[in-house]
Amino acid sequence: MSSMSDYDVIVVGAGPAGSTMARQAAKRGVNVLLIDKEKFPRVKPCAGGVIGKVKDMLDFDISSVIQRDVYGQRFYSPSGLLIDCTRPEVSGFMVMREEFDHLLFEKAKEAGAKALDGNRVVNATQDKEGVAVETENGERFTAEYLVGADGINGVVARSIGFYDGWKGSSAALCIEVEAEVGKDIVEKICGVEYDSEGVSIDIYFGPVPYGYAWCFPKRTHLSVGVGVPQDKVSNLKNTFNEWFEEFKKKHEIEPEILSDLSFRVPYSGAVKRTFMGRTVLLGDAAGFANPFSAEGISEAIGSGIIAAQVIERAVRTKDPKILKEYEKGWKAAFGEDLSVAKSLAKLMFKNEKNMETILSLAHRDPVISDYMYKLIAGKVSYKQFKSTVIKTIVRKYPRAGLSLYL
Ligand SMILES: Cc1cc2nc3c(=O)[nH]c(=O)nc-3n(C[C@H](O)[C@H](O)[C@H](O)COP(=O)(O)OP(=O)(O)OC[C@H]3O[C@@H](n4cnc5c(N)ncnc54)[C@H](O)[C@@H]3O)c2cc1C
């Protein structure tokens with residue numbers, strides 16, 4: 001389809017967003033160049049929890065990279081109350097991003113995308129005629145359209161002028177540690193009764209202000225970590241270490257630390273525009289991580305699918321104005337979820353008192369804990385969750401409900 005340009009579209013970043021976009025566009029006959037700064041397989045700091053619906057969003061089998069089936073989550077309140085939101089039904093799965101992203105990258109190539117890994121993009125430009133990127137190896141590629149799928153520290157958004165970094169509470173800082181404990185200990189700590197190999201994701205409120213700590217079980221190791229808005233933290237490493245020491249003592253483990261990394265995750269709402277001229281932003285580059293759960297993989301993949309459809313039309317009709325359909329598309333698909341999640345996060349993470357109040361009500365009231373499970377399992381939208389849970393709290397526990405807003 002390309003005319004004077006080298007490609008129809010250049011996709012910068014081969015995470016879940018970029019590789020999905022590249023595969024879906026290539027399958028539609030679009031001439032795609034997919035570039036990533038890392039050589040694949042590459043590490044991405046991430047807890048690797050993926051909601052079940054992602055299996056249906058992808059058009060290939062991902063069972064080879066599933067480490068464990070997940071049956072819901074267990075939440076611990078600051079005072080230690082346990083809210084068990086697991087059920088005898090698979091709600092999601094666990095992956096190592098090194099393996100999961102590699103599979104997605106291979107699937108993009110298999111569909112016909114030209115892929116260049118180990119080649120960092122250092123600058124991107126666009127004008128009325130087309131787009132261009134320059135790489136650290138001194139190469140220059142041109143195309144009709146450009147996709148910034150290069151994550152929170154990406155170069156496309158900054159070069160094109162979408163925004164200039166992630167300031168204040170527009171992003172969270174996370175510490176992610178992979179701790180080898182062996183299969184039996186993983187199942188002892190996170191196992192569920194429904195399936196001898198299946199697990200729960202455990203979330204701890206209280207160890208860090210304005211955020212939470214997690215334990216996500218893999219085949220033989222645990223991914224443990226903490227996440228907090230970046231402007232609310234002074235020494236996250238110390239806070240994490242204190243919590244992790246207690247965790248190890250409680251479970252009588254002395255794990256081998258496989259990796260210990262920190263990385264940021266963006267909060268939605270900080271990016272005002274997700275398309276401009278001939279360029280669109282996807283996934284973390286567009287700020288699509290969920291501010292309540294910090295999940296971003298499903299939105300990254302969802303945005304890749306929508307962008308591929310829109311860009312194929314823009315290539316076919318030679319009309320860049322069609323890119324505005326991308327923003328309409330993601331807003332219709334998950335925009336409301338992200339904005340309701342933001343309001344829930346504001347209420348939940350306001351202070352430790354609110355975390356305790358909300359979780360103690362969930363501990364006491366099966367309607368609330370059931371809706372928490374349904375939300376995790378993707379059976380209700382954030383809007384349905386919020387309206388049912390807030391209504392339940394206001395109707396049955398008006399004093400506690402009022403205290404959340406004081
Ligand atoms: C500690 C932590 C835990 C998380 N846990 C979860 C979880 O359990 N579940 C969940 O759903 N989400 C989780 N997230 C969020 C999730 O990791 C992101 O939302 C997701 O990776 C976004 O995908 P993406 O494709 O947009 O970007 P990324 O996965 O960040 O991919 C961007 C790609 O762009 C490449 N790139 C960057 N700059 C350049 C450049 N200049 N040139 C070329 N290539 C470039 C990078 O190498 C990378 O491969 C977590 C995030 C963090 C930090």
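Me: Helices (H or I, at least four residues) and strands (E, at least two) are DSSP runs, numbered from the N terminus. Which helix does Arg 97 lie in?

Reply: This is a predicted model: local features need pLDDT of at least 70, side-chain atom pairs pLDDT 80 or more, while totals for chains, interfaces and linings use all residues. Residues count from 1 along each chain as its sequence is written, and side-chain values use heavy atoms, without hydrogens and water. Residues 97–110 form the helix that holds Arg 97, helix 3.

Me: Is Arg 97 buried or exposed?

Reply: Buried means under 20% relative accessible area, exposed over 50%, partly exposed in between (1.4 Å probe, protein chains only). Arg 97 has 7% relative accessibility, so Arg 97 counts as buried.

Me: Which residues does Arg 97 touch, not counting those up to four places away in sequence?

Reply: Contact means heavy atoms within 4.5 Å. Arg 97 touches Pro 16, Arg 42, Lys 44, Cys 46, His 102 and Ile 297.

Me: How many aromatic pairs does a search of the whole structure find?

Reply: Rings of Phe, Tyr and Trp (its six-membered ring) pair with centres within 6.5 Å; planes under 30 degrees apart are stacked, over 60 edge-to-face, the rest tilted. The search finds this number of pairs: 22.

Me: How many residues apart are Tyr 76 and Tyr 204?

Reply: Tyr 76 and Tyr 204 are stacked, 4.7 Å centre to centre, with 5° between the planes. Tyr 76 is in strand 4 (residues 68–76) and Tyr 204 in strand 12 (residues 199–205). Tyr 76 is buried at 16%, and Tyr 204 is buried at 9%. The pair links distant parts of the chain, with a separation in residues of 128.
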